[in-house]
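Here are a few friendly notes to read alongside the model. Please keep the structure open as you go through the points.

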Amino acid sequence: MKNVNQIQGQENHRVKDINLKELFLVIKRRFWVIVMIAIIASIIGAYLNNLSTTPLYQTSSRIIIGTDAESQKTLQVIIKDSAILDKVIEELNLDKSAEELAGQISVASIDGSQVVSISVIDRDPILAASIADKTAQVFKDEVPNIVGEDYIRLLSNAKVNTSPINQENNNKLYLAIIAGIIVGIGFAFLIESLDDRIRSEKEIEALFGVQVLGKISKMNNRNIKKKKSGRLEIELRGETIGYK
């Protein structure tokens with residue numbers, strides 16, 4: 001009973017003596033666990049990052065509205081009207097409503113001039129350019145029928161912009177890697193706390209308070225073959241010496 005209490009006391013003392021070196025050794029011993037969990041977390045983070053980030057492309061077509069400022073404002077409003085956009089949808093065979101298409105289009109005068117930019121945002125850069133040019137063309141064709149005057153001139157077509165306006169954000173990937181490392185370290189210490197194996201002579205001496213005088217080698221096929229080979233060599237050497 002006394003020995004049991006002594007062992008328990010030494011074990012508690014061992015737990016209290018945990019220092020930075022022991023923590024480092026635990027991390028080093030369970031490093032593969034940390035790496036595996038970090039890799040799994042990074043894969044999940046990359047998947048979620050790609051899932052939530054859809055690249056969007058923007059391009060603009062320019063027209064000239066040759067009228068006074070008040071009429072320009074009226075005509076700019078007409079550009080996003082269903083009277084124009086329904087024709088754009090029909091001619092491009094788009095699978096969306098006029099309201100949805102209007103949400104992709106923005107109209108603005110450039111530096112207070114008569115030049116007006118028709119900008120379109122879409123997931124397809126080629127389609128964005130087609131919508132911008134078609135909207136400008138339909139607007140030019142329909143304005144005389146709507147207001148009775150031909151104020152519109154096409155200035156420049158939209159160019160296909162292959163650079164997304166929403167840059168890729170890897171925050172979820174970085175957070176997943178950091179979380180994976182933290183969880184991995186925690187899991188490594190959990191495994192270590194559940195592992196009651198004794199790995200070294202120092203641990204035996206610290207646990208039982210006695211000095212280790214010797215140890216029994218681990219026996220396996222390799223060691224057995226090695227010992228047999230050593231004995232055979234000694235016997236052969238003995239015979240050779242005797243023959244002389």
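**Notes on the predicted model**

1. Let me start at the surface, where Phe31, Trp32, Val35, Met36, Ile39 and Ile43 make up a nonpolar patch with about 620 Å² of accessible area together. Patches take residues with over 30% relative accessible area and no salt bridge, joining nonpolar side chains (Val, Leu, Ile, Met, Phe, Trp, Tyr) within 5 Å and like charges within 9 Å. Areas come from the Shrake-Rupley method with a 1.4 Å probe, and for residues only the protein chains shown count as cover. One of the patch members, Ile39, sits in helix α3 (residues 31-52) and is partly exposed at 42% relative accessible area. Here buried means under 20% relative accessible area, exposed over 50%, and partly exposed in between (1.4 Å probe, protein chains only).

2. A word on the basis: this is a predicted model, in which local features need pLDDT of at least 70 and side-chain atom pairs count only at pLDDT 80 or more, while totals for chains, interfaces and linings use all residues. Residues are numbered from 1 along each chain as its sequence is written, and side-chain values use heavy atoms, leaving out hydrogens and water.

3. Helices and strands are DSSP runs, numbered from the N terminus (H or I, at least four residues; E, at least two).

4. Leaving aside residues up to four places away in sequence, Leu75 touches Ile65, Thr67, Phe139, Val143, Val147, Tyr151 and Ile152, a contact being heavy atoms within 4.5 Å. Thr67 lies in the loop between β1 and α4 and is buried at 12% relative accessibility.

5. How many salt bridges are there? The count is 6, each being a side-chain nitrogen of Lys or Arg within 4 Å of a carboxyl oxygen of Asp or Glu. Glu192 pairs with Arg29, their closest N and O atoms 2.8 Å apart. Glu192 is in helix α8 (residues 171-194) and Arg29 in helix α2 (residues 20-29), so this pair ties together parts 163 residues apart in sequence. Glu192 is buried at 14%, whereas Arg29 is partly exposed at 35%.

6. Arg30 and Asp195 also form a salt bridge (2.9 Å, N to O), and both are buried.
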